[in-house]
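Take the model below and walk through it from the overall fold to single residues.

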Amino acid sequence: MSTTNTTISRRAIAVVQANPFTHGQGFQAYSVSQKNLGAEIAPFLQLDHYFMTQPTFAEHPHQGFSAVTYMFEDSEGSFFNEDSQGDRSTIAPGDIHWTQGGSGIRHNETPIEPGKICHGIQMFVDLPIADKSLPAKAFHLTAAQIPVYTTDSGGRVRVVVGDANGVTSPLNISTKIRFLDVILPANSSIDHQLAADESVFLLAVKGSGFVGEQQDAIAANQATLFTPAGNTIHAKAGAEGLQYVLCISQ
C-alpha cells in the first residue's frame, strides 16, 4: 500500500441505515450489502452485525465465496464451528474464522452456551473468478493472534485482515481486502491511510461520531460509503465514544 505526501480526506457519499432482521427467537442482526450500500463495496457482498443466543441455522453449504465470522471482544459467548472438511473450531471473543467456500463446503456454527449473547460480524466476501474452484478451506486466528495498534488519543485498532499503520495481520488469505475493528474514546479522532485504488466503507457498531471530510454524523448500525478520491478517512468519536469496522477493497 502506498500513499502520497499530501493528505486528502475522502468524503462520505452515502450514509445508510443497516436493515434489521431476525431469524427465530435467538438471532437478531443489522445488515448492509451491495443492495443498500452499493456495488462499490465489492468484493464484500454482505455484512451482518449480529446478536445470537440460540442455535439458529442448520448445517448449510457455501460455494464460490467466503463466509467469515468475526466475534467482537465484548461477546459473552462463543461459537463452535464444524465443517465438511473436518474443521472443528471454537470461535471465542476476539477471534476470526474464515471459511473459504471455493468449490464447495458445508458448515454449521452454534453458540456453545445457549442464552449467552454472541456478538459479532458475519460477512460474505466474493472470491475472484480464478479462485472460485479452489479447494474449500478454513482459516482461523485467535484473539491473541490479531495485532493491535493504538493512537496517541487512546484509540485502539485491531488489524483483523490485511495491514494498517505498519501492522500486518497473519491471516493468509488470497482475497485482497482489509478489515479493521476500531474503538475510539469519547471526542477522540483518527485518520486511516488509504491507497488511491482502494474503495472503503464502514459500519458503526456502538456509540456515535462523525466521519469523512464533511464530518457526516453516524451512529450505531449505520454504514458509510466514501468517495474513491483521497488518501485518508477521518473519523471522530462523539461524547459516548465510537466503535466501527472499516472495510477496504484493494
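Predicted model: local features only at pLDDT ≥ 70, side-chain atom pairs only at ≥ 80, totals over all residues.

Residues are numbered from 1 along each chain as its sequence is written, and side-chain values use heavy atoms, with hydrogens and water left out.

Start with the secondary structure. The protein has 1 helix and 22 strands. Helices (H or I, at least four residues) and strands (E, at least two) are DSSP runs, numbered from the N terminus. The radius of gyration is 17 Å, close to the 18 Å that the globule rule gives for 250 residues, so the protein is as compact as a globular protein of that length. That radius is taken over C-alpha atoms, and the rule is 2.2 Å times the number of residues to the power 0.38. Along the principal axes, the C-alpha atoms fill a box of roughly 50 × 40 × 35 Å.

Of the 250 residues, 53% count as buried. Buried means under 20% relative accessible area, exposed over 50%, and partly exposed in between (1.4 Å probe, protein chains only). Among contacts (heavy atoms within 4.5 Å) with a separation of 6 or more, 72% join residues 24 or more positions apart.

Now the largest pocket. Its volume is about 240 Å³. On a 1 Å grid over the protein atoms alone, a pocket is an open set of points where a 1.4 Å probe fits, with protein on both sides within 12 Å along at least five of seven lines; lining residues have an atom within 4 Å of a point. Points are joined across faces, edges and corners, and the volume is the space filled by probe spheres set on them. Of the 13 lining residues, F57, H60, E109, Q122 and F124 are the closest to the centre. Two or more lining residues come from each of β4, β5 (60–62), β10 (105–111) and β11 (118–126). β4 gives the most, with 3 residues.

Finally, the backbone. A cis peptide bond joins A42 and P43, with omega about 10 degrees. P43 sits in the loop between α1 (34–37) and β4 (44–52). Which value does phi of N165 take? It is near 55 degrees, positive in a residue other than glycine. N165 lies in the loop between β15 (163–164) and β16 (167–168), and is exposed, with a relative accessible area of 56%. N187 also has a positive phi, near 65 degrees. N187 is in the loop between β17 (177–184) and β18 (189–193), exposed at 51%.
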